[in-house]
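These are my notebook entries on one structure. The sequence and the coordinates come before the entries.

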Amino acid sequence: MWRSEFRNVLAGYIRKNLLTLDEANKLINSAEEQLKSKEYLVTSDLILDLVSSSNCSAYDCEYVALAKDFKVNLIILDKKILREFPKIATSLKEFT
């Protein structure tokens, strides 16, 4: 999941001419190398199960699935996730 988020940040920097394409590629390649073997993958079965029982996107369900796998609450600001998964999702306001 970090890859998608990181790519979006890099895309914004490229579009604002804060990074060149070459610089962005070097950054993502470096990050991927540093995080190699330190990633946790959630199963597609669990994600699709969560999708089928909610109105959330598969992308959003990845966060829910990760929290479920680790048996922790998902602290989040996203109202749809909070509404769809009240047993696992907790608002930041309630958490603090």
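Which residues does Asp60 touch, not counting residues up to four places away in sequence? I found Asp78 and Ile81, where contact means heavy atoms within 4.5 Å.

**Entry 1. Basis.** I note that this is a predicted model, in which local features need pLDDT of at least 70 and side-chain atom pairs count only at pLDDT 80 or more, while totals for chains, interfaces and linings use all residues. Residues are numbered from 1 along each chain as its sequence is written, and side-chain values use heavy atoms, with hydrogens and water left out.

**Entry 2. Asp60.** I placed Asp60 in helix α4; helices (H or I, at least four residues) and strands (E, at least two) are DSSP runs, numbered from the N terminus. Asp60 is buried, with a relative accessible area of 15%. For accessibility I used a 1.4 Å probe and protein chains only: buried is under 20% relative accessible area, exposed is over 50%, and partly exposed is in between. From Asp60 to Ile47 I read 9.0 Å, C-alpha to C-alpha, across 13 residues in sequence.

**Entry 3. Helix α3.** Which residues of helix α3 are buried? In this helix, residues 44-52, I listed Leu46, Ile47 and Leu50. They lie on the same side of α3, because the arc that they cover around the axis is only 100 degrees; the arc is that of the directions from the helix axis to the C-beta atoms. Asp45, Leu48 and Ser52, on the other side of α3, are exposed. The cover over the buried residues of α3 includes α4.

**Entry 4. Cysteines.** How many disulfides does a search of the whole structure find? I recorded 0, with a disulfide taken as a pair of cysteine sulfur atoms within 2.5 Å. Cys56 is in no disulfide, and the nearest cysteine sulfur, that of Cys61, is 5.1 Å away. Cys61 is likewise in no disulfide.

**Entry 5. Largest pocket.** I then turned to empty space. Rolling a probe the size of a water molecule over the atoms shows where such space is left. The largest pocket holds about 220 Å³. The search used a 1 Å grid over the protein atoms alone and a 1.4 Å probe; a pocket is an open set of points with protein on both sides within 12 Å along at least five of seven lines, and lining residues have an atom within 4 Å of a point. Grid points are joined across faces, edges and corners, and the volume is the space filled by probe spheres set on the points.

Which residues line the largest pocket? I listed Met1, Trp2, Arg3, Ser4, Glu39, Tyr40, Leu41, Val42, Ile47, Glu62 and Leu66. The elements that give two or more residues to this lining are α1 (2-15) and α4 (58-70). Of these, α1 gives the most, with 3 residues. By class, the lining has 7 nonpolar, 1 polar and 3 charged residues; Ala, Val, Leu, Ile, Met, Phe, Trp, Tyr, Cys and Pro count as nonpolar, Asp, Glu, Lys and Arg as charged, and the others, Gly among them, as polar.

**Entry 6. Loop between α2 and α3.** Two lining residues were followed up here. Leu41 sits in the loop between α2 (21-35) and α3, and counts as exposed at 72% relative accessibility. Its C-alpha atom is 9.4 Å from that of Glu62, 21 residues apart along the chain. Tyr40 lies in the loop between α2 and α3 and is partly exposed, at 44%. Leaving aside neighbours within four places in sequence, Tyr40 is in contact with Leu66, Asp69 and Phe70.

**Entry 7. Positive phi.** Most residues other than glycine have a negative phi. I noted Ser37, not a glycine, with a positive phi near 70 degrees. Ser37 is in the loop between α2 and α3 and is exposed, at 73% relative accessible area. Asn17, also not a glycine, has a positive phi of about 60 degrees. Asn17 lies in the loop between α1 and α2 and counts as exposed at 69%. Between Asn17 and Tyr40 I read 32 Å, C-alpha to C-alpha.

**Entry 8. Strand β1.** Which residues does Ile75 touch, not counting residues up to four places away in sequence? I recorded Thr90, Ser91, Leu92 and Phe95. Ile75 is in strand β1, residues 74-76, and counts as partly exposed at 32% relative accessibility. The C-alpha atoms of Ile75 and Leu92 are separated by 5.7 Å, 17 residues apart along the chain.
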